[in-house]
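Okay, thanks for coming, everyone. Let me put the structure up and then walk you through a few spots.

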Amino acid sequence: MKQVKINTHISRKFNQELENLRNAVLTMGGIVEQQLSDALGAFRDNNRRMAESVILNDFQVNSMEVQIDEECTRIIATRHPTASDLRLVLVIVKATADIERIGDEVERIANLIITGELPGSESIKNNMIATGDKVMAMLRKTLNAFARLDVDSAFAIHKLDKEIDKQYKALLAEAIKEMQQDTDSLPQWLEVLWAMRALERVGDRCKNICEYIIYFVKGRDVRHVSRKKIAEALREGQTE
Amino acid sequence: MLDFFASSRTEKNLDALAADKVAINVKDLTLHFGEKRALHSISMKIPKNQVTALIGPSGCGKSTLISCFNRMNDLIPGCRVDGSVEIGERDIYHRKENVSVLRSRVGMVFQKPNPFPTSVYENVVYGLRIQGISERRVLDNKAESALRNAALWDEVKDRLFESALTLSGGQQQRLVIARAIALEPEILLLDEPTSALDPISTLTIEELINTLKDKYTVVIVTHNMQQAARVSDQTAFLYEGKLIEYSDTNRLFTMPREQQTEEYITGRYG
């Protein structure tokens with residue numbers, strides 16, 4: 001089955017509603033992307049003011065999630081969407097929830113910066129920044145794939161989550177080693193661990209969004225499915 | 001492992017239905033009105049004791065197709081049918097087919113309720129009287145059971161001998177359904193049965209359709225896609241006289257196989 005364009009309904013108002021909905025998600029994604037970028041910048045430069053503004057800005061993201069959910073509810077009630085329209089609305093509800101949670105993870109990273117002096121070596125800090133950059137790139141690509149509803153990119157990005165998981169494990173091992181030498185600052189270390197975990201979770205959420213993109217375009221639910229199966233699902237559409 | 005929604009996910013293979021599960025077997029059916037071809041070699045198997053919906057834009061041939069199932073098209077001058085429609089393994093277009101008997105086996109209800117201007121009771125027993133049944137007790141029993149099956153009994157039991165025209169539109173439509181099922185047909189054809197009714201009467205009829213399928217095979221033509229989605233087990237989408245897609249209703253409304261189906265059910269340009 002070929003993909004249908006969103007804006008080809010007989011009802012122009014419905015086209016507009018779906019378009020607005022999609023734009024709202026992209027705007028929300030853009031804000032979260034900026035938030036993550038600011039949080040990583042604040043971490044790099046130990047800039048507390050920037051971290052504080054990241055925390056304050058999270059309310060915007062929360063409010064957008066509520067608004068988008070409301071609009072989706074309204075569209076389901078009034079338009080009775082079917083097939084790809086229905087999948088679009090469902091995907092938007094789910095993606096919005098994930099983007100909101102990414103916002104929460106970013107807030108957690110910002111919290112680490114305002115808690116005070118960070119324990120640990122330069123090496124840990126640099127490795128966290130490297131992981132952060134990778135997560136940032138993954139989020140940016142995910143949002144681009146969502147904007148273009150590009151399944152091939154979604155599938156490629158999906159794979160990045162494994163690399164991030166690997167880096168997270170390495171970071172954790174490094175942190176544990178240093179923590180054993182530095183038991184006095186355990187409370188601060190816990191904050192560091194939370195932030196590491198938050199980075200890793202952003203990767204998971206991006207992966208979820210990539211799965212939703214595939215679901216929307218191909219109509220196949222690829223959650224909790226091996227990469228091989230997903231690749232099969234993607235090929236299936238091409239031969240039809 | 002828990003399987004919550006198994007029934008809404010299992011998909012039938014409509015092509016591979018066992019012969020004893022098929023109520024109507026349409027084979028390569030082509031229909032012309034004069035020069036104009038209204039149906040293009042349609043083949044489909046309509047399963048027994050299920051609800052099958054026919055959807056599609058005006059003029060797509062859905063009413064023509066449903067009318068083939070009890071040969072109502074015979075009445076239209078210039079109508080020519082090729083291919084076959086088998087009901088109970090007999091081709092109803094065979095020249096020896098007795099059309100009156102066929103129409104008592106395959107009942108039909110139309111868009112506008114069309115009760116006869118007689119009493120409620122006489123409406124229901126009309127077909128039975130034509131069949132030569134006159135014993136009062138038999139007629140009474142059949143009338144009651146038909147009205148009960150049409151979910152109308154409680155509303156009319158005290159006014160059986162009042163004119164059927166005093167009933168509301170929704171009641172009249174259920175009365176017409178009772179009249180059709182009094183003959184104990186195998187198949188019930190409903191041609192837009194709720195398009196002249198208000199939403200509540202519509203819901204009553206939809207609920208009725210759901211109970212009717214225990215006893216009868218139901219084929220329904222509807223312009224209301226949500227209605228097709230709600231009441232039917234499988235849906236056929238017709239476009240310009242062709243059967244574009246025929247699948248499980250759950251499948252058709254969530255993941256149609258054909259682009260044209262997708263465009264129609266989501267309200268897009270063809």
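**Contacts, salt bridges and an interface**

Let's start at A:Leu234: setting aside neighbours within four places in sequence, A:Leu234 is in contact with A:Val151, A:Phe155, A:Ile214 and A:Lys218, where contact means heavy atoms within 4.5 Å. Before I go on, the ground rules: this is a predicted model, local features need pLDDT of at least 70, side-chain atom pairs count only at pLDDT 80 or more, and totals for chains, interfaces and linings use all residues. Residues are numbered from 1 along each chain as its sequence is written, chains are lettered from A and ligands numbered from 1 in the order in which they are written, and side-chain values use heavy atoms, with hydrogens and water left out.

Back to A:Leu234, which sits in helix α7 (residues 227–239) of chain A; helices here are DSSP runs of H or I, at least four residues, strands are runs of E, at least two, and both are numbered from the N terminus. With a relative accessible area of 7%, A:Leu234 is buried. For that label, buried is under 20% relative accessible area, exposed is over 50%, and partly exposed is in between, using a 1.4 Å probe and protein chains only. A:Leu234 and A:Asp152 are 82 residues apart in sequence, yet 8.2 Å apart in space, C-alpha to C-alpha.

Now, salt bridges, meaning a side-chain nitrogen of Lys or Arg within 4 Å of a carboxyl oxygen of Asp or Glu. How many are there over all chains? The search of the whole structure finds 30. In chain A, A:Arg197 pairs with A:Glu200, closest N and O atoms 3.0 Å apart. Both lie in helix α6 (residues 186–218), 3 residues apart, about one turn. An α-helix has 3.6 residues a turn, so residues three or four places apart point the same way. A:Arg197 is partly exposed at 36%, whereas A:Glu200 is buried at 6%.

Over in chain B, B:Glu144 and B:Arg148 do something along those lines: their salt bridge has its closest N and O atoms 2.9 Å apart, and they are 4 residues apart in helix α5. Then there's B:Arg174 with B:Glu155, closest N and O atoms 2.9 Å apart. B:Arg174 lies in helix α7 and B:Glu155 in helix α6 of chain B, so this pair ties together parts 19 residues apart in sequence. B:Arg174 is buried at 6%, while B:Glu155 is partly exposed at 36%.

What about chain A against chain B? 19 residues of chain A are in contact with 15 residues of chain B. The buried area, that is, the accessible area (1.4 Å probe) that two parts lose on being put together, summed over both, is about 1,500 Å², with carbon and sulfur atoms giving 52%. Between the chains the count is 1 salt bridge: B:Arg268 to A:Asp85, 3.1 Å, N to O. On the chain A side that touches chain B, helix α3 (residues 83–114) gives the most, with 4 residues.

Last, confidence. pLDDT is the predictor's confidence in each residue, from 0 to 100; chain B has a mean of 92, and 97% of its residues reach 70 or more. For the complex, the predictor gives an ipTM of 0.73 and a pTM of 0.83.
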